[in-house]
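Here is a protein chain to explore by question and answer. Take a look at the sequence and the model before reading on.

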Amino acid sequence: MERRSFLKQAGVGLAAGAVAAPALAQNAPAIKWRMASSFPKSLDTLHGSAEFLIKRIAEMSGGKFQIQLFAAGEIVPGPGVHDAVRDGTVEIGFTCSYYYFGKDPTYCIDTAIPFGMNARQIKAWYRQGNGAKLMADFFAKSNIVSFPSGNTGVQMGGWYRKEIKSVADFKGLKMRVAGLAGAVLAKMGVVPQQIAGSDIYPALEKGTIDAVEWVGPYDDQKLGFNKVAKYYYYPAWWEGGPQISTYINAKKFAELPKEYQAIIEAACAETDTEMCARYDAKNPVALKQLLASGTKLLPFPKDVMEASYKAAQEYYAETSAANPEFKKIYEDYKKFLNDQNLWYRVAENEYARFMYSRKN
């Protein structure tokens, strides 16, 4: 009797809950936005993560909040996403902030900077440090609300037509490289070229550039860089944990119901985790295939790494002296990174060192 009574009451409760959820959806407004992506459709990790994001937003809103996605070049070029969102050409964008280095090098801190944080560390800085607040204040000046929405993990150092045996081999090298890294590499003689993802392969194939860095094995293989360059270097010391961001026009974001604002933030956080998982799953298989096809996998020589680190520190000192906004955010970032590295040096490093020595 008591059990029946309980089940009956539970059934009533479930029915009430079932009614309540659709009622919330019925009261929510139907909204349609447009999203501009900085990435080509061919990249199912980067552009595909934008597809994942808008799908989750639609699902969480009961289909009321619909976003139409446009790949790079369909509305604006890949590097045009920032201005398109700022000016209201589109309501929302999916991009990397270091593409906007030319506007202000401070943008690069939102994505990745040479010898900076890895994927876990930048997530910690944003969620538990001062990262979210500092970057929100910075983006507000451009009429943009930004949320972390992905991470590739540490990237590869790129594809080269010739071997890099020393710093001298960087002299005059024309290299596609994004953001602040180009300014640092220029100190060592590289001629940086900022080229949109869809245009990189033709430039490398025709010899317009001598080298290219993009992401890692999975994406690099899809773009076919191994067909036109033989040497594959690691690591990308300029991209220890590149973060991808969702930009939203601040005025449009403020007009949304609070529930929709929360949905966007939650979907971005889920996409952040999803992208990193995709790369971690796909890169090992792709790397094996690249090596089997004749790719020469090589680490950067120690003198290159040391010279690169020195050049990066010089750049940070120079930029901090000239740019108060960069200085304020970078100093907080650097302090957090130093503490992180003290901790990673202990358990994380020793565990990894042991596990990487195992053959099975």
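This is a predicted model: local features need pLDDT of at least 70, side-chain atom pairs count only at pLDDT 80 or more; totals for chains, interfaces and linings use all residues.

Q: Is Asp272 buried or exposed?
A: Asp272 lies in helix 10, which covers residues 258-292. Its relative accessibility is 7%. The cut-off for buried is under 20%. Asp272 therefore counts as buried.

Q: With which side chain does the side chain of Asp272 make a polar contact?
A: Leave aside neighbours within four places in sequence. Asp272 is then in contact with Lys123, Pro148, Ser149, Gly150 and Asn151. The polar contact between side chains has a distance of 2.9 Å. The partner is Lys123.

Q: Which residues does Cys276 touch, not counting residues up to four places away in sequence?
A: Cys276 is also found in helix 10. Its relative accessible area is 19%, so Cys276 is buried, given a cut-off of under 20%. The residues touched are Ala119, Asn151 and Gly153.

Q: How many Å separate the C-alpha atoms of Cys276 and Asn341?
A: Along the chain, these two are 65 residues apart.

Q: Where is the place of Thr45, and is Thr45 buried or exposed?
A: Thr45 sits in the loop between strand 1 (31-37) and helix 2 (46-60). Its relative accessibility is 0%. That value makes Thr45 count as buried.

Q: Which side chain makes a polar contact with the side chain of Thr45?
A: Neighbours within four places in sequence are left aside here. Thr45 is in contact with Tyr218, Asp219, Met275, Arg278, Tyr279 and Lys282. One of these makes a polar contact at 2.9 Å, side chain to side chain. That residue is Tyr279.

Q: Which residues does Lys230 touch, not counting residues up to four places away in sequence?
A: Tyr330 is 100 residues from Lys230 in sequence and 36 Å away in space, C-alpha to C-alpha. The residues that Lys230 touches are Tyr160, Thr295 and Lys296.

Q: Which residues form a nonpolar patch on the surface?
A: Phe354 is a member, and it lies in helix 13 (residues 347-356). Phe354 is partly exposed, at 47% relative accessibility. Together the patch residues have about 530 Å² of accessible area. They are Tyr351, Phe354, Met355 and Tyr356.

Q: What kind of aromatic pair do Trp237 and Trp238 form?
A: The count of aromatic pairs comes to 27. In this one, the rings lie 4.7 Å apart, centre to centre, with 85° between the planes. Trp237 is buried at 4% relative accessibility, and Trp238 is buried at 2%. The pair is edge-to-face.

Q: Why does the pair of Tyr316 and Phe326 count as stacked?
A: The ring centres are 6.3 Å apart. Planes under 30 degrees apart count as stacked. The pair is stacked because its planes are at 20°.

Q: Which helices hold Tyr316 and Phe326?
A: Tyr316 is buried, and so is Phe326. They are ten residues apart in sequence, and the pair ties together the parts that hold them. Those parts are helix 11 (residues 302-322) for Tyr316 and helix 12 (residues 324-344) for Phe326.

Q: Which residues form one aromatic cluster?
A: The cluster is built of Phe and Tyr residues. Its members are Phe39, Phe94, Tyr98, Tyr99, Tyr100, Tyr107, Phe138, Phe139 and Tyr247.

Q: What is omega at the cis peptide bond that joins Tyr234 and Pro235?
A: Most peptide bonds are trans. Pro235 lies in the loop between strand 9 and strand 10 (243-249). Its bond to Tyr234 is cis, with omega at about -10°.

Q: What is phi of Asn143?
A: Most residues other than glycine have a negative phi. Asn143 is found in the loop between helix 5 (131-140) and strand 4 (144-151). With a relative accessible area of 29%, Asn143 is partly exposed. Its phi is positive, near 65°.

Note on methods. Residues are numbered from 1 along each chain as its sequence is written. Side-chain values use heavy atoms; hydrogens and water are left out. Patches are made of residues with over 30% relative accessible area and no salt bridge: like charges are joined within 9 Å, nonpolar side chains (Val, Leu, Ile, Met, Phe, Trp, Tyr) within 5 Å. Accessible areas come from the Shrake-Rupley method with a 1.4 Å probe; for residues, only the protein chains shown count as cover. A salt bridge is a side-chain nitrogen of Lys or Arg within 4 Å of a carboxyl oxygen of Asp or Glu. Helices (H or I, at least four residues) and strands (E, at least two) are DSSP runs, numbered from the N terminus. Buried means under 20% relative accessible area, exposed over 50%, partly exposed in between (1.4 Å probe, protein chains only). A polar contact is a pair of N or O atoms within 3.5 Å; within protein, one must be able to donate a hydrogen and the other to accept it, and residues adjacent in sequence count only if both atoms are side-chain atoms. Contact means heavy atoms within 4.5 Å. Rings of Phe, Tyr and Trp (its six-membered ring) pair if their centres lie within 6.5 Å; planes under 30 degrees apart count as stacked, over 60 as edge-to-face and the rest as tilted.
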